[in-house]
Amino acid sequence: MQSVVERTLNLLIFLLESPRPVTADDVRQTVAGYGEQTDEAFHRMFERDKDVLRRLGVPIRREAMDAWEVDFGYVVDPDEYALPDPGLTEEERAALSVAARIVRLGGSHAGVEALHKLGGVERGVGLEPLGADLGAEGDVLGALFGAITEQRSIGFSYRGRRRSGDPYGMAHRRGHWYLVAGTDDGQRLYRVDRMEGLEVGEEPGAFTKPKGFDVRSVMTDHPWETGEGERVDAEVRFDADVAWWAARTLRLPEPDSDLVTRVPVANRDAFIGWILSFGAGAEVLGPEELRADVARRVSEALAGLP
C-alpha cells in the first residue's frame, strides 16, 4: 500500500510540474517506482494509477504533442487542479504545513516514518524544526487513511471495549487526529491515539459514505462534547492571563478579566486533558464529581514524577 501511494503521488507531482505533456516513456524513465517493471507490468500499473488519480478528481488529459497529432502525452493543468479555499482553521493549516515539509516526495522516501512527525510545529525563524513523536499512532494513521480511501471496514479497541465500524473521514484538531466512523449506533468520533488493536477488513468497497458527508460538519463540536458518557455541564473559571484563549476556543466574546463559564461535557477524558493544558490557570468549580476527577488526574501525574 505504501509503495502504491508513494508512486501515485510522485506521478501527480511529475504531471503538475512538467511544462509540457509527458509520454508514458517519460513517466517510466523519470518517476520512481515504474522503471524496474516489464513493459506489460508498467502499462498495467500506469493505467491503474491514472485511474486512481482521476477517481480522486485529478483532471488528467491526453493531448497531442505536435500539430500533426502523431505523438500524445498526458498533462494536468495546475490552475484547473487547484482547489478553492477549503476554510481550514489555523491549526489545520499548521498540521498540513508540517506534513508537507516533512513528507518528502518526488522520488525520496515518503512512508510511515513521516507520519510519526504529524502533529509537530512549523519551523520558526532561527529555530530547529520541532515535532511530536506519535509512536504507534503513525502506523494507525497510515492504515486508517488506506481504509478510508479503499472503503474498508475496521475493528479496534477503545476505552476498554472492542468496536467496529466504517471509517468515513479524519480531521486534525488541537494536536490530535480524530476518526469519524459509522457504527450501528450512528456516527461516532474517536481520538486516533487512543485506538488499539486496529484491524482493517480485507474487502474494499465494503461501505458507502452517507450522501453529502462532510467530516468538518461532524467536527463542529469540541472533542469533550462528543462521546458515549453521560452529559454534564461543567462550571469552569479561567484566570485572566488564559481567559482570552479559553474564550476563543469556546467561541465566546473575549473577557476583560477572569472568565467563568459553563462547558457541556460528554467525554470526560478529553475535557480533563483540555483543562490541564491551562495549568494552574483553570479551575473546575463543579459538579463536584468532575472536580474530583480533575484533582485525581493531577495527583496521579504528580505521583508519577521522579
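Start your tour by selecting Gln187: this residue is partly exposed, with a relative accessible area of 36%. Before you click on, remember that you are looking at a predicted model. Gln187 belongs to strand β6, which covers residues 186-191. Tyr168 and Gln187 are 19 residues apart along the chain, and their C-alpha atoms are separated by 9.0 Å.

**Next stop: a group of rings**

Select Tyr34, Phe42, Phe46 and Tyr74. Ring pairs join these four residues into a cluster. Zoom in on Tyr34 and Phe42 to see one of the pairs. How are these two rings arranged, edge-to-face or stacked? Tyr34 and Phe42 are edge-to-face, with 5.7 Å from centre to centre and 85° between the planes.

Are these two residues buried or exposed? Tyr34 has a relative accessible area of 0%, so it counts as buried, the cut-off being under 20%. Phe42 is buried too, at 1%.

Stay here and show Arg7. Its charged end sits over the ring of Tyr34, 5.6 Å from the ring's centre. Then show Lys50, and look at the ring of Phe46 instead: the charged end of Lys50 sits over that ring, 4.5 Å from its centre.

**On to another ring pair**

The model has 14 aromatic pairs in total. For one of them, select Phe238 and Phe278. This pair is edge-to-face, with the centres 5.1 Å apart and the planes at 65°. Colour the chain by secondary structure and you can see where each partner comes from: Phe238 lies in strand β8 (residues 232-238), while Phe278 lies in the loop between α10 and β10 (282-286). The two are 40 residues apart in sequence, so the pair ties together separate parts of the chain. Both Phe238 and Phe278 are buried.

**Last stop: two crossing helices**

Select residues 268-276, which make up helix α10, and residues 288-303, which make up helix α11. The crossing is right-handed.

Now show the side chains where the helices meet. On α10, the contact is made by Arg268, Asp269, Phe271, Ile272, Gly273 and Leu276.

Methods. Residues numbered from 1 in each chain as written. Predicted model: local features only at pLDDT ≥ 70, side-chain atom pairs only at ≥ 80, totals over all residues. Heavy atoms only, no water. Axes fitted to C-alpha atoms, helices over the stretch in contact; angles between N-to-C directions. Helix = DSSP H or I, 4+ residues; strand = E, 2+ residues; numbered from the N terminus. Left-handed = near helix turned anticlockwise from the far one by under 90°. Contact = heavy atoms within 4.5 Å. Phe/Tyr/Trp six-rings, centres within 6.5 Å; stacked < 30°, edge-to-face > 60°. Buried < 20%, exposed > 50% of the residue type's maximum accessible area, 1.4 Å probe, protein only. Lys NZ or Arg CZ within 6 Å of the ring centre and 35° of its normal.
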